[in-house]
Amino acid sequence: MSFLLPKANGKQLRLGIMGGTFDPIHMGHLVTAEEACQQFNLNNVIFMPSGEPPHKDKRQVTAAEHRYIMTMLAVVANPCFTISRMEIESERTSYTVDTVRRFCDLYGSNLELFFITGADAILDITTWKNYEEILERCSFIATSRPGYSLQKLREVLGSAFAAVMQHIHLLEVPAMAISSTEIRRRVAAGKTIRYLTPRPVEQYIYKNQLYR
Ligand code: NAP
C-alpha cells in the first residue's frame with residue numbers, strides 16, 4: 001500500500017521529511033513529528049523510512065518492508081502525517097541528498113522543505129554525501145532527548161561549520177527518552193513495550209517475531 005504525497009495546487013507548502021531507520025517507530029518519533037509540525041507551522045510531515053541506511057551494516061537493520069509497515073501503522077490515523085516508499089524502493093543506497101532533490105523536483109518553487117531527524121544523526125552531517133547541497137535546499141530540525149546537550153551540537157558543528165548551523169534548528173522533545181534500541185532490547189529480554197510504541201506496532205512486532 002502506498003500513500004499520496006500532499007498536493008501543492010499552486011500554493012506554498014511547508015513540508016517536513018521525518019527521516020530515520022524506524023527500527024521500530026515509537027511514541028518519541030510521533031511526539032517529535034507532531035511538535036515539529038506545530039512549532040514550524042508545517043502542512044505535513046512525511047515519514048521516510050531509510051532503505052539501506054548509508055552508514056549502517058545492512059545485516060543490523062530489520063527488513064525495510066517490516067519497518068515501512070510498522071511506520072505506516074503508527075502514522076495512518078494522523079491527517080497531517082503521511083509516509084513515503086521513496087527510500088525503501090530505491091535500488092541504491094538511500095542518500096538524503098537524492099530524496100531532497102526529488103522533493104525539490106516534484107514541488108519546485110512551491111516548497112519550503114525541512115528535514116527532521118535526531119541530533120545524533122546530524123552530528124556527522126559534514127560526512128553526508130553532498131551535505132552542502134542538502135543544506136542549501138532544506139533546513140534541518142535536529143531533535144534531542146532530555147539530557148542531550150544541544151550545546152554539544154552547537155559546539156561540534158558551530159565552531160568548525162558556523163555556516164552549517166544557520167540551517168539547523170534545534171528541538172528538544174522529552175518523549176525522545178524512548179529509543180528504538182531500548183525497545184529492541186526489551187523485546188529480546190521478554191519485557192513489556194506497552195505504551196512505548198502504538199499498540200498496532202507492538203502487535204506487529206510480536207506477530208512477526210521481530211527483535212527476538
Ligand atoms: P540513527 O543512527 O539510527 O539515529 C541516530 C539517533 O537519532 C538515534 O538516537 C535515533 O533514535 C535518533 N533518530 C533517528 N531518526 C530520528 C527522527 N526522525 N526523529 C527523532 N530522532 C531520530 O540515524 P538514522 O535513522 O540511520 O539516520 C537518520 C536520518 O539521516 C535518515 O533519514 C538517514 O537516511 C539520514 N542520513 C543520511 C546520510 C547520508 O545521506 N549520507 C547519512 C546518515 C544519516 P531512535 O533509534 O530511537 O530512532
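The model is predicted, and local features need pLDDT of at least 70, side-chain atom pairs count only at pLDDT 80 or more, and totals for chains, interfaces and linings use all residues. Residues are numbered from 1 along each chain as its sequence is written, and side-chain values use heavy atoms, with hydrogens and water left out.

The shell around the ligand holds 25 residues, of which His 26, His 29, Lys 56, Arg 145 and Ser 180 come nearest; a residue is near if one of its heavy atoms lies within 4 Å of the molecule. By residue type, the shell divides into 8 nonpolar, 13 polar (Gly is counted here) and 4 charged.

Several polar atoms of the protein face the ligand. A polar backbone atom of Gly 19 is 3.0 Å from a ligand nitrogen, and a backbone N or O atom of Thr 96 is 3.0 Å from a ligand oxygen. In the side chain of Thr 117, an N or O atom lies 3.2 Å from a nitrogen of the ligand. A polar contact is a pair of N or O atoms within 3.5 Å. Of the 870 Å² of accessible area that the ligand has on its own, the protein covers 90% (Shrake-Rupley method, 1.4 Å probe).

Strand E1 (13–20), strand E4 (111–118) and helix H4 (119–122) each give two or more residues to the shell. The largest share, 4 residues, comes from E4. Helices are DSSP runs (H or I) of at least four residues, and strands (E) of at least two.

Helix H1 (residues 27–39) reaches 18 Å from its first C-alpha to its last, close to the 18 Å expected at 1.5 Å a residue. Its buried residues (under 20% relative accessible area, 1.4 Å probe, protein chains only) include His 29 and Leu 30. Just after H1, Asn 41 takes a positive phi of about 55°.

Conventions. A polar contact is a pair of N or O atoms within 3.5 Å; within protein, one must be able to donate a hydrogen and the other to accept it, and residues adjacent in sequence count only if both atoms are side-chain atoms. The expected span of a helix is 1.5 Å times one less than its number of residues. Buried means under 20% relative accessible area, exposed over 50%, partly exposed in between (1.4 Å probe, protein chains only).
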